[in-house]
There are 2 protein chains.
Amino acid sequence: MSAAAGPAPEGVALEVDEELVGAVDFAKGDGLVPAIVQDASDGTVLTMAYMDAEALRRTLATGRSWFFSRSRQEYWQKGETSGDRQYVREVRLDCDGDALVVLVDQHGRGACHTGEHSCFFRTIGSGPGVPVHVPVPVPEP
Amino acid sequence: MSAAAGPAPEGVALEVDEELVGAVDFAKGDGLVPAIVQDASDGTVLTMAYMDAEALRRTLATGRSWFFSRSRQEYWQKGETSGDRQYVREVRLDCDGDALVVLVDQHGRGACHTGEHSCFFRTIGSGPGVPVHVPVPVPEP
(Lines give C-alpha, C1' and ligand atoms only; values in the text may rest on other atoms or scores of the structure.)
Protein backbone atom coordinates (compact mmCIF):
# COMPACT_ATOMS: atom_id res chain seq x y z
CA MET A 1 0.00 0.00 0.00
CA SER A 2 2.95 2.27 0.65
CA ALA A 3 4.05 4.51 -2.21
CA ALA A 4 7.63 4.20 -1.00
CA ALA A 5 8.30 1.14 -3.10
CA GLY A 6 9.26 3.16 -6.17
CA PRO A 7 7.77 3.11 -9.67
CA ALA A 8 5.19 0.45 -10.52
CA PRO A 9 6.68 -2.56 -12.29
CA GLU A 10 6.14 -3.17 -16.01
CA GLY A 11 3.89 -5.98 -17.10
CA VAL A 12 5.26 -9.16 -18.64
CA ALA A 13 4.05 -10.17 -22.11
CA LEU A 14 2.15 -13.47 -22.17
CA GLU A 15 3.02 -16.56 -24.15
CA VAL A 16 0.19 -16.70 -26.65
CA ASP A 17 -1.64 -19.45 -28.52
CA GLU A 18 -2.36 -17.57 -31.76
CA GLU A 19 -4.80 -20.20 -32.95
CA LEU A 20 -6.95 -19.62 -29.87
CA VAL A 21 -6.70 -15.85 -30.29
CA GLY A 22 -8.21 -16.41 -33.73
CA ALA A 23 -10.96 -18.53 -32.18
CA VAL A 24 -12.42 -15.66 -30.16
CA ASP A 25 -15.90 -14.88 -31.49
CA PHE A 26 -16.00 -11.08 -31.44
CA ALA A 27 -18.77 -10.93 -34.06
CA LYS A 28 -21.51 -12.21 -31.75
CA GLY A 29 -21.19 -9.19 -29.44
CA ASP A 30 -20.71 -6.49 -32.09
CA GLY A 31 -16.93 -6.66 -31.78
CA LEU A 32 -16.81 -7.09 -28.00
CA VAL A 33 -16.54 -10.03 -25.61
CA PRO A 34 -17.11 -9.91 -21.85
CA ALA A 35 -13.89 -10.33 -19.88
CA ILE A 36 -14.32 -11.71 -16.37
CA VAL A 37 -11.38 -10.55 -14.26
CA GLN A 38 -10.47 -12.92 -11.46
CA ASP A 39 -7.88 -12.53 -8.70
CA ALA A 40 -5.22 -15.17 -9.38
CA SER A 41 -4.29 -15.36 -5.71
CA ASP A 42 -7.68 -16.23 -4.19
CA GLY A 43 -10.18 -16.68 -7.03
CA THR A 44 -12.29 -13.63 -6.21
CA VAL A 45 -14.18 -12.34 -9.23
CA LEU A 46 -12.98 -8.73 -9.29
CA THR A 47 -14.84 -7.10 -12.14
CA MET A 48 -16.33 -7.58 -15.57
CA ALA A 49 -15.50 -5.39 -18.53
CA TYR A 50 -15.35 -5.70 -22.30
CA MET A 51 -12.52 -6.35 -24.75
CA ASP A 52 -12.43 -6.01 -28.49
CA ALA A 53 -9.69 -7.65 -30.57
CA GLU A 54 -7.31 -4.73 -30.03
CA ALA A 55 -7.84 -4.65 -26.24
CA LEU A 56 -7.15 -8.39 -26.09
CA ARG A 57 -4.02 -7.92 -28.22
CA ARG A 58 -2.75 -5.16 -25.94
CA THR A 59 -3.51 -7.24 -22.84
CA LEU A 60 -1.51 -10.20 -24.16
CA ALA A 61 1.36 -8.02 -25.39
CA THR A 62 1.73 -5.86 -22.26
CA GLY A 63 0.72 -8.30 -19.50
CA ARG A 64 -1.66 -5.70 -18.11
CA SER A 65 -5.40 -5.55 -18.59
CA TRP A 66 -6.82 -3.37 -21.37
CA PHE A 67 -10.53 -2.93 -21.99
CA PHE A 68 -12.84 -1.12 -24.34
CA SER A 69 -15.38 1.21 -22.74
CA ARG A 70 -18.81 0.92 -24.35
CA SER A 71 -20.02 4.21 -22.88
CA ARG A 72 -16.92 6.26 -23.70
CA GLN A 73 -16.06 4.30 -26.87
CA GLU A 74 -12.38 4.25 -25.99
CA TYR A 75 -9.63 1.97 -24.74
CA TRP A 76 -8.62 2.09 -21.11
CA GLN A 77 -5.91 0.36 -19.16
CA LYS A 78 -6.85 -0.66 -15.63
CA GLY A 79 -4.91 1.31 -13.02
CA GLU A 80 -3.50 3.91 -15.38
CA THR A 81 -5.10 6.74 -13.43
CA SER A 82 -5.79 5.02 -10.07
CA GLY A 83 -2.57 3.03 -9.81
CA ASP A 84 -4.64 -0.09 -9.12
CA ARG A 85 -2.97 -2.11 -11.84
CA GLN A 86 -3.86 -5.62 -12.96
CA TYR A 87 -0.92 -7.77 -14.06
CA VAL A 88 -2.15 -10.69 -16.14
CA ARG A 89 -1.15 -14.27 -15.46
CA GLU A 90 -3.57 -16.05 -17.75
CA VAL A 91 -6.35 -15.50 -20.27
CA ARG A 92 -8.86 -18.28 -20.85
CA LEU A 93 -11.51 -18.75 -23.52
CA ASP A 94 -14.84 -20.48 -23.04
CA CYS A 95 -16.22 -23.40 -25.04
CA ASP A 96 -18.13 -21.32 -27.57
CA GLY A 97 -15.49 -18.61 -27.80
CA ASP A 98 -17.56 -15.63 -26.71
CA ALA A 99 -16.29 -14.94 -23.18
CA LEU A 100 -12.91 -14.60 -21.47
CA VAL A 101 -11.55 -15.16 -17.98
CA VAL A 102 -8.53 -13.00 -17.13
CA LEU A 103 -6.53 -14.11 -14.10
CA VAL A 104 -4.62 -11.20 -12.57
CA ASP A 105 -2.40 -10.04 -9.78
CA GLN A 106 -4.40 -7.09 -8.47
CA HIS A 107 -2.13 -4.32 -7.19
CA GLY A 108 -3.15 -1.20 -5.27
CA ARG A 109 -6.42 -0.87 -3.37
CA GLY A 110 -8.45 -3.20 -5.54
CA ALA A 111 -10.41 -3.51 -8.75
CA CYS A 112 -13.40 -1.34 -7.91
CA HIS A 113 -13.53 2.45 -8.29
CA THR A 114 -15.35 2.55 -4.92
CA GLY A 115 -12.23 1.29 -3.15
CA GLU A 116 -13.61 -2.22 -2.63
CA HIS A 117 -11.38 -5.12 -3.63
CA SER A 118 -14.09 -6.55 -5.90
CA CYS A 119 -16.87 -4.77 -7.77
CA PHE A 120 -19.24 -7.56 -6.67
CA PHE A 121 -19.46 -6.48 -3.02
CA ARG A 122 -23.27 -6.44 -2.72
CA THR A 123 -25.24 -9.62 -1.93
CA ILE A 124 -28.69 -9.83 -3.55
CA GLY A 125 -29.52 -13.22 -2.08
CA SER A 126 -27.97 -16.03 -0.10
CA GLY A 127 -28.82 -19.51 1.09
CA PRO A 128 -27.35 -22.88 2.05
CA GLY A 129 -27.19 -24.33 -1.47
CA VAL A 130 -26.98 -28.11 -1.77
CA PRO A 131 -23.39 -29.14 -1.15
CA VAL A 132 -22.09 -31.83 -3.48
CA HIS A 133 -22.39 -35.22 -1.85
CA VAL A 134 -19.04 -36.87 -1.40
CA PRO A 135 -19.75 -40.56 -0.78
CA VAL A 136 -17.92 -42.06 2.17
CA PRO A 137 -16.39 -45.36 1.06
CA VAL A 138 -17.69 -48.35 2.94
CA PRO A 139 -14.75 -50.47 4.09
CA GLU A 140 -14.64 -54.06 2.91
CA PRO A 141 -15.59 -56.49 5.66
CA MET B 1 -21.47 -39.44 -10.14
CA SER B 2 -23.49 -42.56 -9.29
CA ALA B 3 -27.16 -42.52 -10.22
CA ALA B 4 -27.87 -44.78 -7.26
CA ALA B 5 -28.37 -41.84 -4.90
CA GLY B 6 -32.02 -41.41 -5.85
CA PRO B 7 -33.79 -38.34 -7.23
CA ALA B 8 -31.91 -35.06 -7.39
CA PRO B 9 -32.58 -32.80 -4.42
CA GLU B 10 -34.74 -29.72 -4.70
CA GLY B 11 -33.13 -26.32 -4.55
CA VAL B 12 -33.52 -24.06 -1.53
CA ALA B 13 -34.99 -20.59 -2.02
CA LEU B 14 -32.58 -17.76 -1.20
CA GLU B 15 -33.04 -15.03 1.37
CA VAL B 16 -33.41 -11.97 -0.82
CA ASP B 17 -32.61 -8.27 -0.48
CA GLU B 18 -35.50 -6.85 -2.53
CA GLU B 19 -33.95 -3.41 -2.65
CA LEU B 20 -30.89 -4.83 -4.38
CA VAL B 21 -33.05 -6.86 -6.76
CA GLY B 22 -34.55 -3.53 -7.77
CA ALA B 23 -31.08 -2.07 -8.23
CA VAL B 24 -30.17 -4.43 -11.08
CA ASP B 25 -29.78 -2.39 -14.26
CA PHE B 26 -31.43 -4.58 -16.90
CA ALA B 27 -32.04 -1.64 -19.24
CA LYS B 28 -28.39 -1.19 -20.20
CA GLY B 29 -28.23 -4.64 -21.82
CA ASP B 30 -31.66 -4.65 -23.49
CA GLY B 31 -33.23 -6.48 -20.58
CA LEU B 32 -30.32 -8.85 -19.90
CA VAL B 33 -27.35 -8.87 -17.53
CA PRO B 34 -24.36 -11.22 -17.74
CA ALA B 35 -24.32 -13.77 -14.92
CA ILE B 36 -20.90 -15.13 -14.02
CA VAL B 37 -21.34 -18.56 -12.47
CA GLN B 38 -18.65 -19.49 -9.99
CA ASP B 39 -18.10 -22.77 -8.12
CA ALA B 40 -18.70 -22.00 -4.44
CA SER B 41 -16.38 -24.78 -3.34
CA ASP B 42 -13.17 -23.74 -5.12
CA GLY B 43 -13.82 -20.43 -6.88
CA THR B 44 -13.55 -21.80 -10.43
CA VAL B 45 -15.43 -19.63 -12.92
CA LEU B 46 -17.71 -22.24 -14.47
CA THR B 47 -19.62 -20.41 -17.17
CA MET B 48 -21.19 -17.14 -18.20
CA ALA B 49 -24.79 -16.80 -19.32
CA TYR B 50 -27.49 -14.15 -19.30
CA MET B 51 -30.41 -13.44 -16.98
CA ASP B 52 -33.37 -11.16 -17.44
CA ALA B 53 -35.52 -10.06 -14.49
CA GLU B 54 -37.65 -13.21 -14.67
CA ALA B 55 -34.63 -15.57 -14.81
CA LEU B 56 -33.15 -13.82 -11.77
CA ARG B 57 -36.48 -14.07 -9.94
CA ARG B 58 -36.71 -17.81 -10.70
CA THR B 59 -33.10 -18.33 -9.60
CA LEU B 60 -33.71 -16.63 -6.24
CA ALA B 61 -37.04 -18.40 -5.70
CA THR B 62 -35.91 -21.92 -6.64
CA GLY B 63 -32.27 -21.91 -5.51
CA ARG B 64 -31.25 -23.26 -8.90
CA SER B 65 -29.79 -21.29 -11.80
CA TRP B 66 -32.14 -20.04 -14.52
CA PHE B 67 -30.93 -18.18 -17.59
CA PHE B 68 -32.35 -16.59 -20.71
CA SER B 69 -30.97 -17.85 -24.01
CA ARG B 70 -30.29 -15.03 -26.46
CA SER B 71 -30.14 -17.37 -29.46
CA ARG B 72 -33.24 -19.42 -28.62
CA GLN B 73 -35.08 -16.55 -26.92
CA GLU B 74 -36.25 -18.80 -24.11
CA TYR B 75 -35.65 -19.59 -20.45
CA TRP B 76 -33.55 -22.57 -19.50
CA GLN B 77 -32.66 -24.11 -16.19
CA LYS B 78 -29.14 -25.48 -15.92
CA GLY B 79 -29.07 -29.26 -15.60
CA GLU B 80 -32.72 -29.83 -16.51
CA THR B 81 -31.77 -32.07 -19.44
CA SER B 82 -28.18 -32.99 -18.50
CA GLY B 83 -28.69 -33.50 -14.78
CA ASP B 84 -25.71 -31.19 -14.15
CA ARG B 85 -27.61 -28.96 -11.78
CA GLN B 86 -26.39 -25.76 -10.16
CA TYR B 87 -27.68 -25.12 -6.64
CA VAL B 88 -27.26 -21.46 -5.75
CA ARG B 89 -25.63 -20.27 -2.55
CA GLU B 90 -25.30 -16.60 -3.32
CA VAL B 91 -26.01 -13.96 -5.94
CA ARG B 92 -23.91 -10.80 -5.95
CA LEU B 93 -24.34 -7.53 -7.81
CA ASP B 94 -21.53 -5.33 -9.06
CA CYS B 95 -20.96 -1.65 -8.27
CA ASP B 96 -22.82 -0.28 -11.29
CA GLY B 97 -25.56 -2.89 -11.17
CA ASP B 98 -25.08 -4.42 -14.61
CA ALA B 99 -23.43 -7.77 -13.86
CA LEU B 100 -24.03 -10.67 -11.46
CA VAL B 101 -21.87 -13.31 -9.81
CA VAL B 102 -23.75 -16.51 -8.96
CA LEU B 103 -22.02 -18.84 -6.49
CA VAL B 104 -23.18 -22.43 -6.92
CA ASP B 105 -22.76 -26.01 -5.84
CA GLN B 106 -22.16 -27.68 -9.21
CA HIS B 107 -23.60 -31.19 -9.30
CA GLY B 108 -23.10 -33.84 -12.00
CA ARG B 109 -20.24 -33.78 -14.48
CA GLY B 110 -19.73 -30.05 -14.56
CA ALA B 111 -20.99 -26.82 -16.05
CA CYS B 112 -19.87 -27.28 -19.67
CA HIS B 113 -21.83 -29.15 -22.32
CA THR B 114 -18.48 -30.65 -23.47
CA GLY B 115 -18.17 -32.54 -20.18
CA GLU B 116 -15.49 -30.22 -18.80
CA HIS B 117 -16.02 -28.88 -15.28
CA SER B 118 -15.66 -25.28 -16.49
CA CYS B 119 -16.47 -23.80 -19.89
CA PHE B 120 -13.19 -21.83 -19.65
CA PHE B 121 -10.89 -24.80 -20.26
CA ARG B 122 -8.79 -23.27 -23.05
CA THR B 123 -5.77 -21.07 -22.31
CA ILE B 124 -5.14 -18.28 -24.83
CA GLY B 125 -2.10 -16.92 -23.05
CA SER B 126 -0.13 -17.32 -19.86
CA GLY B 127 2.77 -15.72 -18.05
CA PRO B 128 4.26 -15.07 -14.63
CA GLY B 129 2.25 -11.94 -13.80
CA VAL B 130 3.67 -9.64 -11.14
CA PRO B 131 2.83 -11.09 -7.74
CA VAL B 132 1.69 -8.54 -5.20
CA HIS B 133 4.57 -7.47 -3.02
CA VAL B 134 3.96 -8.15 0.63
CA PRO B 135 6.41 -5.97 2.52
CA VAL B 136 8.35 -7.69 5.25
CA PRO B 137 8.24 -5.49 8.37
CA VAL B 138 11.66 -4.27 9.46
CA PRO B 139 12.04 -4.87 13.22
CA GLU B 140 12.79 -1.84 15.34
CA PRO B 141 16.43 -1.74 16.43
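The following conversation asks how some features of this predicted model come by their names.

Biologist: What should I know about the model before we start?

Modeller: The model is predicted, so local features need pLDDT of at least 70 and side-chain atom pairs count only at pLDDT 80 or more, while totals for chains, interfaces and linings use all residues. Residues are numbered from 1 along each chain as its sequence is written, and chains are lettered from A in the order in which they are written.

Biologist: What makes strand 6 of chain A and strand 8 of chain B a pair?

Modeller: Strands pair if DSSP finds at least two bridges between them, and here there are four bridges in the antiparallel sense. Within strand 8 of chain B, B:Thr123 stands opposite A:Arg92.

Biologist: Why is strand 3 of chain A called largely enclosed?

Modeller: A residue is buried if 20 or more other C-beta atoms lie within 10 Å of its own, exposed if 12 or fewer, and partly exposed in between, with C-beta atoms placed from the backbone. Six of the seven residues of strand 3 of chain A are buried, so the strand is largely enclosed by the rest of the structure. Strand 3 of chain A also runs antiparallel to strand 2 of chain A, joined by six bridges, and A:Ala49 in strand 3 stands opposite A:Ala35.

Key
Helix = DSSP H or I, 4+ residues; strand = E, 2+ residues; numbered from the N terminus.
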